[in-house]
Amino acid sequence: MRKFFLLLWGVVFFAAQALAQRTVTGKVTDEQGNPLPNVSVLVKGTTVGTITKADGTYSITLPANAKDLVFSSTDMTPQEVAIGSQSMINATLKASASTLQEVVVVGYGTQKKSDVTSAVSKVGGDKVANVPFTSVDQILQGKVAGLQSQTFSGQPGANQQIRIRGTGSFSVSSQPLYVIDGIQINSGDLSRLTTTSNVLSNINPDDIESVTVLKDAAATAIYGSRGGNGVIVITTKKGKAGKTQFNFSAEVGNNKLGDIPPTAKALNSSQWLMLFKESYINAGGTQAGLNSNLATFGDTTGATDIDWLHMVTRSGTQQQYNISASGGDEKTKFYISGGYFKQEASTIASDLTRYSTVINIDHTANKKLNFSIRLAPTYSKEDAVLSNGSQFANPVLTAFFLRPMQNPFNPDGSFNISSASKDFSSVYNPLYLAAANIHSLSTFSGIGSAQGKYNILDNLSFTSKIGLQYTSLEEFQYDNPAHGDGVAAKGRGYTYYTRYFLYDFVNQLDYHANLTKNKNLTMDAKVATEAILSKGYFISAQSQNYSTPRLPLSTNASTVTIGSATGSDYSFASMFGNLAFNYKGKYILAGTLRRDGSSRFGLQNQYGTFPSASLAWNISKESFLQGSKTISDLKLRASYGSAGNAEVSNYIAKQTVGFGANYNNNPGGTFSTLGNTSLTWEKDNQFDVGTDITMFKNRLNLTLDYYDRVSSRLLFGVPLSQVSGFSTITENVGKLENKGFEITVNATPISTKNFTWDLSFNFTHNKNEMKTLPPGQNQIINGVFLVRPGLDINTWYMRDWAGVDPATGAPLWWVDSTKSAKTSNYSNTSVANPAQRYSTGKSASPKYYGGVSNTFTYKGLSVTADFYYNYGNYVFDQWGSFLADETNPTYGKYSLNLQRWTKPGDITNVPKLYYGATNSSATVQNSSSNATSTRFLYKGDFIRLRNLSIGYRIDKGLASKLHLGSFYFYVRGTNLWTKTYDKNLTIDPEQGGSSNTNASGSYGINALNLFYNRVVTVGVNIGF
């Protein structure tokens, strides 16, 4: 009997459980009745959930305590349905009402796009994921109006030069501030030995949810003294409630050499010898002298013909793999990812390997409290050759400078490292150096934050957030003792350790109030404090005299030449707030105020105040547009305010003493910098007026902006009596203006059931003008640039090339800016009419730039083509002087020299060739023909096919049958085609620049950086 009752009890229990855990089925559709696949169906307050199938149906087993189901999907309004006793629950989800209801990340928070009163541009994560670039700043090229992104080097992990609304400084950085998940990071190139590196290359673009570019003062003033150059806010992905979603992507391919202008291609052996002989005879040389001279070059028959460009380039591999998981319930959401990226540049001995991961967790403890944790540790390894013009081991330099008769190999196949004049006496064998030298950078980067938010009242919340950035860089350089730069030192080694630790601590109150009973008038307020501290620590060690090249570490060297440890810190202490009033969503008035204190500036001016005011009018909400079938949304906005530029050296205002100036074997010191206790940040005042228009049921979106940005209190070195021991003192003097307009168009010209054409276009026109200089100075000659009121800050200043005399083949320059007379006298003042340097009226700054993107979709097939264009600037080939004419006869030569003058009547831009003509040889007709002038100044106009991708997304029904959420396969090519507009151009126009983040001095100048890469990859993205 006892067993019977136990059995009966068990049957009743399990029956009750079965009744309690009933199954509910249903279907989810949109407003037109179309089934919606992959909709999350979640039992509220639990982790129990499922997703809809391709036909929109679902089935879910409910726990005993289930009360409500939550239906949610991307770009749809979530719906919550009470379960009750129903066994079938259907749901209809509505699309988001308008693009203006989109949430935009702004300074220290988010806003509905309809409430934004400032000039901001958002780039979605889908635009930056799964692309073959190392960093997000490279991907932004052509994506945002007003943002100029220049890829100056093909080195994987290279720093990118970014300008938002022009160059805003003369002597300090014009790079924007980067904010990652609310943390103001140390960005740019933090290396000290490597040619170039980039903090942003340590962030996997696949983990980015969105990138928001803040452009006007209304958007940037909340960042105060660091927002003057614009702000780029990067937000990483977060988890979403629902069934755990996995995503895997893989991409493989190769990098090859990009386009080389035909005029810059090197001469082959027979061509080189022909021009050499011709120039020697032209210079009055004898046949005997020619034969003797040629003998020093080894092979004089042309039998040895080395294509050095081919030798120093390769087909480098490219691959990346990413996997992520996201999900959670109403209380806890997570996003976890891991990534591997490997890129070998098209130039030898240059590559980047990156291992990345992200862990983002959000937890809601109760209605009052929620908190989140963000962790993003990354390790990368970069190999980088010495890639600038001053390095004779630079493979880009050698590709042009080495003669085609110089054989890199001995007859037995070993590397030729002979220092004989016919071999590698000054410009070294790059193949041997790539094998024998080491130039590496290992970086560990960790960015993380912890945030807690407490809802004090329904309309009042307090948020406390601590963000951390830790970056350590280990740089190692070894130059072998057998060949190259390390020979004189019998081998030399450099070991640099760099560490940065930054914390960013923010405490913030947010308040929302309905100022009227009908809630027509609302107020949103924010007040906060922020403390930032960055500590840098640097160890430098150099050694030489190595016993063997097999042991490159410094412990194996006999002589230590440098051993030092230094530090450099900075801090900011800030208070800020903003206030916004909103009446019926039609009229929005907002203001921002920030008070900053910085350790970088003098005691008299350590604090500054940065205000802004803005307003917006949503005209489309007025009654006269309510029924419009053409205009969906129309908004006018205007703003004015100020921000600052504090990106100066940490101790620029301090009078510093440097030790190591020993006297009579006793330690001593001397003043290193004069300092200036009155120094403060450069200030940007900016006016902006713009409009946002949405038309034809969201088929056309248009944004227009006009801006006027005035940068004042610029830092200049003002001349000082040298009795003080210093030649200049840094002061806040000078003013610079950037003004222009921006246009952004997003349109869907064609949209049918099976075919869609999406078009996006952006255009920027910017005019840069220096307004005032330090007192007593009407101009500053900055190398090949002239800085003068009324001119662009990057105006070229040099002698003006007037071509070649058709009668004699002599080089000609304009005598002066009137261009009333030509002369063959470059600079010899003892001869009549020497050419004068003057403002060319040409600038390194582009007048127009932007991007065009077209996407064509037919069923599952899509084709996307992204173009970037740049017009109105000039670039300077400073190394062209070595490769033109025969003034440097021992080097390789551009093929442009084949166009040289040979007989009277020839019309050409290349003068008659003379062997060894120098700048001082006034008796030679083409003396100084290769000296600095506009002869080597070229139009920088270009259009580049930045990205071309062809992909196929399988039908959702088929994906469901394969138990996949999605499956996308694609082929992608980058930098496939470039159109230039100067037939004599000898450099890639985009690479006329350098990693220098300062405002002027190197912009637009060929620095012989690594060749850019043409990349072709295939990839797959799978969701499950």
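**A colleague's note on the predicted chain**

1. Residues are numbered from 1 along each chain as its sequence is written, and side-chain values use heavy atoms, with hydrogens and water left out.

2. On overall make-up, the protein chain holds ten helices and 53 strands (DSSP runs numbered from the N terminus: H or I of at least four residues for helices, E of at least two for strands). Its radius of gyration is 33 Å, close to the 31 Å that the globule rule gives for 1024 residues, so the chain is as compact as a globular protein of that length. That radius is taken over C-alpha atoms, and the rule is 2.2 Å times the number of residues to the power 0.38. Along the principal axes, the C-alpha atoms fill a box of roughly 125 × 70 × 65 Å.

3. Of the 1024 residues, 53% are buried (under 20% relative accessible area; exposed is over 50%, and partly exposed lies in between, with a 1.4 Å probe and protein chains only). Among contacts with a separation of 6 or more, 68% join residues 24 or more positions apart, a contact being heavy atoms within 4.5 Å.

4. The largest nonpolar core has 43 residues, and Leu 147, Ile 185, Leu 200, Val 211, Ile 232 and Ile 234 have the most contacts inside it. Strand β17 (residues 208–214) gives the most to this core, with three residues. Apart from it lies another core of 26 residues, including Val 396, Phe 401, Val 427 and Leu 883.

5. Leaving out residues up to four places away in sequence, Leu 200 touches Thr 134, Ser 135, Val 136, Asp 137, Tyr 178, Ile 180, Ile 185 and Ile 234.

6. Helix α5 (residues 287–295) has Gly 289, Leu 290, Asn 293 and Leu 294 buried. These residues span an arc of only 130° around the axis, which puts them on the same side of α5; the arc is that of the directions from the helix axis to the C-beta atoms. In general, an α-helix has 3.6 residues a turn, so residues three or four places apart point the same way. The cover over the buried residues of α5 includes α4 (269–282), while the face turned away from the buried side carries the exposed Ala 288 and Ala 295.

7. The domain assignment gives domain 1 (21–95) and domain 2 (796–1023), with bounds from an automatic or database assignment. Their C-alpha centres lie 58 Å apart. Four residues from domain 1 and four residues from domain 2 take part in the contact.

8. Two backbone angles deserve a look. Arg 165 has a positive phi of about 60° although it is not a glycine; Arg 165 sits in the loop between β14 (161–164) and β15 (177–180) and is buried, at 1% relative accessible area. Asn 698, also not a glycine, has a positive phi near 70°. Asn 698 belongs to the loop between β34 (682–695) and β35 (700–712) and is partly exposed, at 35%.

9. Which residues does Thr 495 contact, leaving aside its neighbours within four places in sequence? They are Glu 475, Phe 476, Ile 539, Ser 540 and Ala 541. Thr 495 belongs to strand β26 (residues 492–514), and its C-alpha is 6.1 Å from that of Ser 540, which is 45 residues away in sequence.

10. Last, Leu 375 in strand β23 is partly exposed at 44% relative accessibility. Beyond its neighbours within four places, Leu 375 is in contact with Thr 357, Val 358, Ile 359, Asn 360, Ile 447 and Gly 448.

Technical notes. Predicted model: local features only at pLDDT ≥ 70, side-chain atom pairs only at ≥ 80, totals over all residues. Core = buried A, V, L, I, M, F, W, Y, C linked by side-chain atoms within 4.5 Å.
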